[in-house]
Amino acid sequence: MSPSAPKKILVTNDDGIEGEGLKVLVDSLSKVCDVYVLAPATNQSAVSSKITVGKNMAFTKLGEKTYTCSGTPADCVISALASSLFPFRFDAVLSGINAGPNMGTDVVYSGTCAAARQATFMGVPGIALSLESEFFDYARTGFNFKPLADFCAKNLDSLISLCDEDVFVSLNATSADEYKGAEFASGCVRDYGDEVVFSENDGVSMTGFCDSHGITVSGNDDSDYNIARSGKIAVSLVYAEPVFKKVSGKTDFVF
């Protein structure tokens, strides 16, 4: 790629090809780089890093640079980076903008973050973008994606420079017309208050429904949650690989 050539960026998400956040992000990025899209055909929220193994996936071409995949966000990244679909190397993979936050503990479950993580696994910078509703947490309305999309487009080189072989970048913000700034953030801890309620069907089988009593959040002042709630964009650097605790002591296991 010549120095003057625009960067080639892959955009995906977990909300699916019809996600408004994806459309707005593509529009903003298209002004500064060469954008290609491979996104799930349907909503794949909270699938984490699930991949499709042992069965075919369906791909549909929607435009010269736009495709859908029947699989997950991680499937989309693998298919884009390890196939002949796009016969060149991408400069970065951007995932989002998710309609809902992916703060702290959310990263474990998020398909949005999983796409950025998968890119990092494969040696390509990965950036995840998530927007909290103006009504907070997981409200279904109140999203103004454009300010975060424009921030990403204006700071694309800087965001890519933060990625390395160990980490992907996760951006979180609360929906607003403008932001007070951007700060590096640690991760909060989110307790979802989950409870599975069962009802009997026929005395043998049961139906279970996972519900929440409401989310409680804890974290330092520099957590993604607190920075986003302060009107700024939270910029977090997240290790792609699991971080294993070093143990210095000895345990006498019984066999």
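Strand β7 (residues 167-174) pairs with β13 in the antiparallel sense, over six bridges; two strands count as paired if DSSP finds at least two bridges between them. Helices (H or I, at least four residues) and strands (E, at least two) are DSSP runs, numbered from the N terminus. Within this pairing, Ser170 has Ser236 of β13 as its bridge partner. Strand β8 (residues 182-184) is also joined to β13, here by three bridges and in the parallel sense. Ala182 stands opposite Ile233 of β13. Strand β13 itself, residues 233-239, is mostly covered, with five of its seven residues buried. Buried stands for under 20% relative accessible area, exposed for over 50%, and partly exposed for what falls in between (1.4 Å probe, protein chains only).

The model is a predicted one, in which local features need pLDDT of at least 70 and side-chain atom pairs count only at pLDDT 80 or more, while totals for chains, interfaces and linings use all residues. Residues are numbered from 1 along each chain as its sequence is written, and side-chain values use heavy atoms, with hydrogens and water left out.

Helix α2 (residues 73-81) is largely enclosed by the rest of the structure, because seven of its nine residues are buried. These are Pro73, Ala74, Asp75, Cys76, Val77, Ser79 and Ala80. The elements they pack against (contact: heavy atoms within 4.5 Å) include the strands β1 (8-12), β2 (34-40) and β3 (59-63), as well as the helix α4 (111-121).

Aromatic rings come next. The structure holds nine aromatic pairs, where rings of Phe, Tyr and Trp (its six-membered ring) pair if their centres lie within 6.5 Å, and planes under 30 degrees apart count as stacked, over 60 as edge-to-face and the rest as tilted. One of them, Tyr36 with Phe88, is tilted, at 4.9 Å centre to centre and 55° between the planes. Tyr36 belongs to strand β2 and Phe88 to the loop between α2 and β5, so this pair ties together parts 52 residues apart in sequence. Phe88 also pairs with Phe90: the centres are 5.1 Å apart and the planes stand at 70°, so this pair is edge-to-face. Tyr36 is buried at 11% relative accessible area, and Phe90 is buried at 2%, whereas Phe88 is partly exposed at 27%. Together with Tyr67 and Phe86, these residues form one aromatic cluster.

Lys8 lies over the face of Phe88, 5.3 Å from the ring centre, and Lys65 over the face of Tyr36, at 5.2 Å.

Definitions and conventions. Lys NZ or Arg CZ within 6 Å of the ring centre and 35° of its normal.
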